[in-house]
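Dear colleague,

Please find below the structure that I am handing over to you, with its sequence. My notes on what was found in it follow directly after.

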Amino acid sequence: MQRCLQLARLVVGYTSPNPLVGAVVVKDGKIVGEGFHPGAGEPHAEVFALRDAGEQARGATVYVNLEPCNHYGRTPPCSEALIKAGVAKVVVGMVDPNPLVSGRGIAKLQAAGVDVLTGVEEADCRLLNEGFIHRVLYHKPFGILKYAMTLDGKIATSSGHSTWVTNDATRQAVHRLRSACDAVIIGGNTVRQDNPHLTNHGQGNHSPLRVVMSRHLNLPSSANLWNTDNAQTVVLTKVGANPEFQALLYRQGVEVVELEPLTPNQVMTYFYNRGFCKVLWECGGILAANAIAQGAVQKVLAFIAPKIIGGVKAPGPVGNLGFATMNEALSLQCAEMHVIGSDFLITGYLPKH
Ligand SMILES: Nc1nc(O)c(N)c(N[C@@H]2O[C@H](COP(=O)(O)O)[C@@H](O)[C@H]2O)n1
Ligand SMILES: [Zn+2]
């Protein structure tokens with residue numbers, strides 16, 4: 001199953017709205033076929049693995065991190081392909097939450113006499129596809145809030161200087177994280193203040209869509225994000241905002257989309273309709289607080305550098321949530337701490353809305 005996950009990860013960032021899936025065919029204790037799902041519209045992982053195994057699939061065991069499908073979507077059902085290939089056993093990482101599948105693939109295999117074992121390495125399988133699972137269950141992409149702060153909770157100095165809070169290894173981890181996401185979102189303030197690139201800087205193959213939320217388009221006419229040679233940018237704004245600036249962006253290949261209302265919740269609906277599974281919020285505190293308040297954030301990744309910068313006016317990672325007492329605090333679930341060189345990373349999930 002871990003090999004399935006390795007295969008699936010080869011195309012991390014490329015498969016949305018579909019999941020990341022790898023499959024392995026084992027006969028007499030040896031791997032005789034492997035495959036992964038390259039992206040929506042392409043055959044599923046099981047089909048590639050069966051093709052790779054050829055006749056050796058007969059009587060073999062197939063491992064796959066997601067339940068084989070049993071529906072005609074963009075491609076025909078894998079359950080039928082597995083039965084036709086004559087496999088003896090299928091080992092499944094997790095049941096597919098997609099209501100079109102959800103147990104039906106397993107039932108079809110069992111009805112045809114195929115032995116099925118489910119829930120193998122399930123936690124890792126769920127983690128790999130947490131974006132897909134959330135998308136399917138809640139009809140919104142999975143939102144991740146990432147920030148980097150000092151030990152005293154500042155994301156910049158009081159003058160706004162923020163390069164760099166964390167060490168090189170942490171910044172590379174963030175670039176890999178971007179590569180695994182469909183989009184990375186910031187607000188207009190971050191463009192004005194930091195002029196970021198928001199690319200993967202060569203960490204991973206996939207470049208996420210770079211997104212700026214700006215109500216009035218009071219943005220610089222020259223910015224790294226307006227260079228669309230290596231990565232696409234979309235600016236989300238209010239209906240009718242600053243037509244001259246919209247024209248300037250269009251000329252540079254930047255897509256402009258008008259949304260009403262321009263809120264994190266509406267943005268997540270827009271990106272669901274665009275087929276996205278995972279969206280990264282790399283914004284400042286005000287937008288981060290709005291995104292949390294509107295349920296657009298499911299997971300938090302807080303990178304912490306053991307430095308103290310001080311400053312009463314130095315900004316923190318999350319603005320006003322309207323809480324007055326400590327018992328209103330949002331407690332992260334399944335919180336974990338990781339060490340990245342001299343920095344620390346705390347991850348966890350926000351309570352469900
Ligand atoms: N088990 C499995 N292996 C794959 O490689 C997959 N891509 C999936 N996806 C499931 O089928 C749905 C997509 O179907 P189409 O690609 O449109 O035919 C997807 O939503 C998953 O439920 N499953
Ligand atoms: Zn399938």
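Predicted model: local features only at pLDDT ≥ 70, side-chain atom pairs only at ≥ 80, totals over all residues.

I begin with the ligand: an oxygen atom of ligand 1 is 3.5 Å from an N or O atom in the side chain of His-71, which is at the limit for a polar contact (a pair of N or O atoms within 3.5 Å; within protein, one must be able to donate a hydrogen and the other to accept it, and residues adjacent in sequence count only if both atoms are side-chain atoms). An oxygen atom of ligand 1 also lies 2.9 Å from an N or O atom in the side chain of Asn-98. With the backbone, a nitrogen atom of ligand 1 is 3.2 Å from a polar atom of Leu-66. Taken alone, ligand 1 exposes 510 Å², of which the protein buries 96%; accessible areas come from the Shrake-Rupley method with a 1.4 Å probe, and for residues only the protein chains shown count as cover.

Residues are numbered from 1 along each chain as its sequence is written, chains are lettered from A and ligands numbered from 1 in the order in which they are written, and side-chain values use heavy atoms, with hydrogens and water left out. The mean pLDDT (the predictor's confidence in each residue, from 0 to 100) of the protein chain is 97, and 100% of its residues reach 70 or more. For the complex, the predictor gives an ipTM of 0.96 and a pTM of 0.96.

Ligand surroundings

Around ligand 1 there are 18 residues, the closest being His-44, Ala-45, Glu-46, Arg-74 and Asp-96; a residue is near a molecule or strand if one of its heavy atoms lies within 4 Å of it. By class, this shell has 7 nonpolar, 7 polar and 4 charged residues. In that count, Ala, Val, Leu, Ile, Met, Phe, Trp, Tyr, Cys and Pro are nonpolar, Asp, Glu, Lys and Arg are charged, and the others, Gly among them, are polar.

Aromatic pairs

The structure holds 3 aromatic pairs. Rings of Phe, Tyr and Trp (its six-membered ring) pair if their centres lie within 6.5 Å; planes under 30 degrees apart count as stacked, over 60 as edge-to-face and the rest as tilted. Trp-226 and Phe-245 form an edge-to-face pair, with 6.4 Å centre to centre and 70 degrees between the planes. Trp-226 lies in the loop between β8 (209–213) and β9 (233–237) and Phe-245 in helix α9 (residues 243–251), so the pair ties together parts that are 19 residues apart in sequence. Helices (H or I, at least four residues) and strands (E, at least two) are DSSP runs, numbered from the N terminus. Both Trp-226 and Phe-245 are buried, where buried means under 20% relative accessible area, exposed over 50% and partly exposed in between (1.4 Å probe, protein chains only).

The rings of Phe-271 and Phe-276 have centres 5.1 Å apart and planes at 10 degrees, so this pair is stacked. Phe-271 is buried, at 0% relative accessible area, and Phe-276 also counts as buried, at 11%. Ring pairs link Tyr-270, Phe-271 and Phe-276 into a cluster.

Backbone geometry

Most residues other than glycine have a negative phi, and most peptide bonds are trans. Against that background, a cis peptide bond joins Thr-163 and Trp-164, with omega about -5 degrees; Trp-164 is in the loop between β6 (142–150) and α7 (168–179). Another cis peptide bond, between Glu-260 and Pro-261, has omega of about -5 degrees, and Pro-261 lies in the loop between β10 (255–258) and α10 (264–273).

Positive phi values occur at Leu-198, near 60 degrees, and at Asn-242, about 30 degrees. Leu-198 is in the loop between α8 (188–194) and β8 and is buried, with a relative accessible area of 3%. Asn-242 is in the loop between β9 and α9 and is partly exposed, at 28%.

Positions along the chain

Gln-2, in helix α1 (residues 2–9), is partly exposed at 33% relative accessible area. The C-alpha atoms of Gln-2 and Asp-124 are separated by 8.4 Å, although these residues are 122 apart along the chain.

With kind regards
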